[in-house]
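Reader: Could you walk me through how to read a few features of a model like this one? I'd like the general idea and then the case at hand.

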Amino acid sequence: MGAMRAAAGVVLVVATAAVGAGQTEPPAGDPAVLKKSCDKGAAADCYTLASMHRRGEGAPKDASRAASLLKKACEGGHARACLDLSGMHRTGEGASRDVARAVLLLKRACELGEGDGCLQIGLMHQEGRDVPRDLGEAATFLQRACDAGLVRGCGTLAPMYLEGVRFPRDTARASGLLKKACDGGHAESCVALGELLIAGDGARKDPRGAVALYNQACNVGLARGCFELGRAYERGDGAPRDAARALSLYAKGCEAGDPRGCHAEGRLMRDGAGAPRDAAKAAALFRKACDSGAPAGCVDLGLLTETGKGVAPDIALAAALYQKACSAREPRGCLQLGLLYRGVTGMAKDPTRAAGLFKEACDGGDLQGCSTLAGAYARADGVGRDVDRAMALYQKTCDAGFTSDCYALGTHYQRSFGRPPDLGHAVPLYQKACTGGAPAGCYELALLHESGQGVAKDHTRAVALFQQACTAGIADACVKLKGR
């Protein structure tokens with residue numbers, strides 16, 4: 001394709017000058033020479049002359065004349081002429097504004113080997129812009145663009161294999177396309193490939209390789225690359241754990257336009273990681289993130305606003321920020337707004353609204369939302385009592401490490417209304433809760449060892465568990481220890 005573009009942009013005129021005084025070879029860019037050559041069917045010369053008229057360089061600026069010459073060049077098989085003429089029909093520059101004609105010209109350019117034409121028509125089919133949305137057609141054209149050396153075509157096709165939208169999910173195929181695009185300088189593909197290497201998805205797990213790719217993208221100014229590189233340093237994943245380095249990378253990503261970088265920078269400033277704690281600066285960064293489309297920034301700004309840290313306390317504003325985040329499908333926003341509706345000073349108590357928000361949070365993947373919703377079902381708080389639903393949610397959160405919910409689930413197995421006791425399920429749940437740091441689980445397990453219900457009667461074990469629960473603040477456990 002490079003040779004084709006060179007032929008399109010350079011005209012070599014071989015002229016035989018008559019021998020004699022005053023005779024010189026005509027210049028290669030002479031419009032008169034180019035016109036004669038064009039009239040004889042030299043498509044490349046038609047294209048060069050069209051470009052001169054279009055730009056007004058070396059020939060009078062004349063968009064209509066340029067369009068006419070491009071049409072002739074395109075009909076003569078000049079791919080770039082078809083592409084340029086398509087653009088003129090799209091905008092109405094020197095030709096009728098005709099989107100349908102522009103689309104046909106793009107396809108013609110692609111057929112003639114012009115990768116830009118393949119890429120443009122592929123993106124149009126992918127987005128449903130000026131043509132029907134057709135992912136099969138999009139994939140065909142994007143593949144042709146990729147094969148023609150346009151790395152953006154490779155990089156845009158890869159997610160279709162990653163997401164399994166048009167084809168069966170094929171991470172190995174996606175990885176290969178991303179590598180080709182990244183090697184060709186497409187920074188977005190470097191970041192996407194890095195994410196696969198971090199996860200070991202479609203490629204061997206290689207955190208250090210991912211960091212190298214993120215660094216490559218960040219160095220050319222891609223905000224997303226700086227953000228991902230910052231996360232690697234914050235987590236110590238493929239790079240040394242370094243909060244200060246992470247902070248500087250998040251700041252670079254924020255400045256380059258990634259609102260997630262602003263949010264992450266704000267988090268570290270709020271927590272005093274990598275720099276002195278600064279709630280006011282954190283609030284400003286959260287505000288920037290929120291205003292720029294990162295709903296997590298709205299949630300964290302809301303938390304500061306609710307508590308009056310770094311900003312003036314304002315419950316109504318906090319609620320508005322949580323609502324904005326929740327509406328943008330940030331489940332933490334739904335959770336925090338629901339907690340306000342439980343009866344925070346300055347907010348009207350609305351248990352039904354709260355329960356609905358907890359469900360939104362849970363459905364969005366927020367496990368704290370699921371835990372809070374389970375309690376609402378168990379207590380009939382804003383929703384009808386539904387023990388089965390509560391237990392299913394507690395099981396989900398217990399499995400995810402919410403040890404206090406393991407305890408709650410155990411109590412439901414042991415003594416839920418309308419259910420026979422099931423100590424076979426309750427005992428291991430209490431044990432998990434106790435081991436995981438939920439002292440109420442230790443207390444319940446101690447009672448069972450004391451009485452011999454569901455477990456072997458074991459006075460020594462009971463005392464040890466009462467002591468553990470008492471030390472952790474369970475007053476009833478301390479009472480049990482008196483006189484022993």
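**Contacts, rings and sulfur links**

Author: Let's start with glutamate 228, which touches Val191, Glu195, Tyr214 and Arg260, leaving out residues up to four places away in sequence. Contact here means heavy atoms within 4.5 Å. Before going further, keep in mind that this is a predicted model: local features need pLDDT of at least 70, side-chain atom pairs count only at pLDDT 80 or more, and totals for chains, interfaces and linings use all residues. Residues are numbered from 1 along each chain as its sequence is written, and side-chain values use heavy atoms, with hydrogens and water left out.

Reader: Where does glutamate 228 sit, and is it buried or exposed?

Author: Helices (H or I, at least four residues) and strands (E, at least two) are DSSP runs, numbered from the N terminus. Glutamate 228 is in helix α13. For burial, under 20% relative accessible area is buried, over 50% is exposed, and in between is partly exposed (1.4 Å probe, protein chains only). Glutamate 228 has a relative accessible area of 4%, so it is buried. As for distances, glutamate 228 and asparagine 215 are 13 residues apart in sequence, and their C-alpha atoms are 8.9 Å apart in space.

Reader: What does histidine 125 touch?

Author: Again skipping residues up to four places away in sequence, histidine 125 touches Lys107, Val131, Pro132, Arg133, Asp134, Glu137, Ala138 and Phe141. Histidine 125 belongs to helix α7 (residues 115-127), and its relative accessibility is 5%, so it counts as buried.

Reader: On to rings. How many aromatic pairs does the structure hold?

Author: The rule first: rings of Phe, Tyr and Trp (its six-membered ring) pair if their centres lie within 6.5 Å; planes under 30 degrees apart count as stacked, over 60 as edge-to-face and the rest as tilted. By that rule the structure holds 4 aromatic pairs. One of them is tyrosine 161 with phenylalanine 167: the ring centres are 4.4 Å apart and the planes sit at 10°, so this pair is stacked. Tyrosine 161 is buried, at a relative accessible area of 13%. Another pair, phenylalanine 227 and tyrosine 250, is tilted, with 5.8 Å from centre to centre and 40° between the planes.

Reader: Which parts does the pair of phenylalanine 227 and tyrosine 250 tie together?

Author: Phenylalanine 227 lies in helix α13 (residues 223-235) and tyrosine 250 in helix α14 (residues 243-255), so the pair links parts that are 23 residues apart in sequence. Both phenylalanine 227 and tyrosine 250 are buried.

Reader: And how many disulfides does a search of the whole structure find?

Author: A disulfide is a pair of cysteine sulfur atoms within 2.5 Å, and the search of the whole structure finds 13 disulfides. Among them, cysteine 326 is joined to cysteine 334, S to S 2.1 Å. The angle about that S-S bond is 95°, and the link of cysteine 326 and cysteine 334 is right-handed. Cysteine 326 counts as buried at 6% relative accessibility, and cysteine 334 counts as buried at 2%.
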